[in-house]
Amino acid sequence: MGAPLRVDVITIFPRMLDGVWGESILKRAIAGGFLDVRMVDLRAFTHDVHRTTDDRPYGGGPGMVMKPEPIFEAVESVRTPEARVILLSPQGRRFDQALARELAEAPHLILLCGHYEGVDERVRQGLATDEISIGDYVLTNGVLPAAVVVDAVARLIPGVLGHAESHADESFSNGGLEYPQYTRPAEYRGMAVPEILRSGDHAAVRQWRMGQAQDRTKKQRPDLLTNDGN
Ligand code: 9D3
């Protein structure tokens, strides 16, 4: 195993993800030395008594804009030569599995969390190497998106998932949705497990599952059959 993937999350809400890193696969990835996540308090890089991180927009208009100086200094305090400096913002490239795979190859990710106000354009111009959105809905800030990116990337680091987990990944992901799954009991509240799954006919089971997965994808995610996205 090599060095852990280093991730620095720069935000004015450094406590917001307390609890996220201490559960489940992320906890294992960190404990196992695959992932090293640090929350960086943007306010530590202000120089005034009020610890100001935003200011009024040039040209006027409503709202505030995040100042460039604390952001540049925070990034420069953690940046390494190979780091990708990623601005999380609604205007970014849509995050998907292909981008997660790409980010999992980097040694160091710096995630800059925007807020419900703009970020000074010079952050895009002179600092960020990437700009990412996690989807078309409006959140209050980029901290949860940062957690989403870390979660999706961490499970792709070789060694983080167990064999069963990562094998399931490969055999499921034909780019479509998964087939219906059942466990015991064979009947529950009047709902029966399809007979074919209990027949012991493995070839028939395989065929049934493929058909179910295709029907489901056609009905719920037809976009997956044309695009990739996986
Ligand atoms: C008034 C225009 N708004 C853009 C739609 C401004 C705005 C809204 C919300 C600016 C920032 C935010 C906070 N969201 C994020 O920083 C964010 C986000 C999101 O809201 N949705 C999906 N992905 C992301 S990544 C960062």
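Start by colouring the two domains: the C-alpha centres of domain 1 and domain 2 lie 37 Å apart. Domain 1 covers 5–154 and domain 2 covers 169–230, with bounds from an automatic or database domain assignment.

A note on the model: it is predicted, so local features need pLDDT of at least 70 and side-chain atom pairs pLDDT 80 or more, while totals for chains, interfaces and linings use all residues. Residues are numbered from 1 along each chain as its sequence is written, and side-chain values use heavy atoms, leaving out hydrogens and water.

Next, select β1 (5–11) and β2 (35–41). These strands run parallel, joined by seven bridges; pairing requires at least two DSSP bridges. Helices (H or I, at least four residues) and strands (E, at least two) are DSSP runs, numbered from the N terminus. Find V9, whose bridge partner in β2 is M39. Right-handed means that, with the strands pointing away from the viewer, the path from the first strand over the helix to the second runs clockwise.

Now move to β5 (84–94), which is parallel to β6 (108–113) over five bridges. L88 stands opposite C113 in β6. The crossover from β5 to β6 passes through α3 (97–103) and is right-handed. β5 also pairs in the parallel sense with β8 (130–133), over five bridges, where R93 has I132 as its bridge partner.

M16 has a relative accessible area of 34% and is partly exposed, meaning between 20% and 50% with a 1.4 Å probe and protein chains only.
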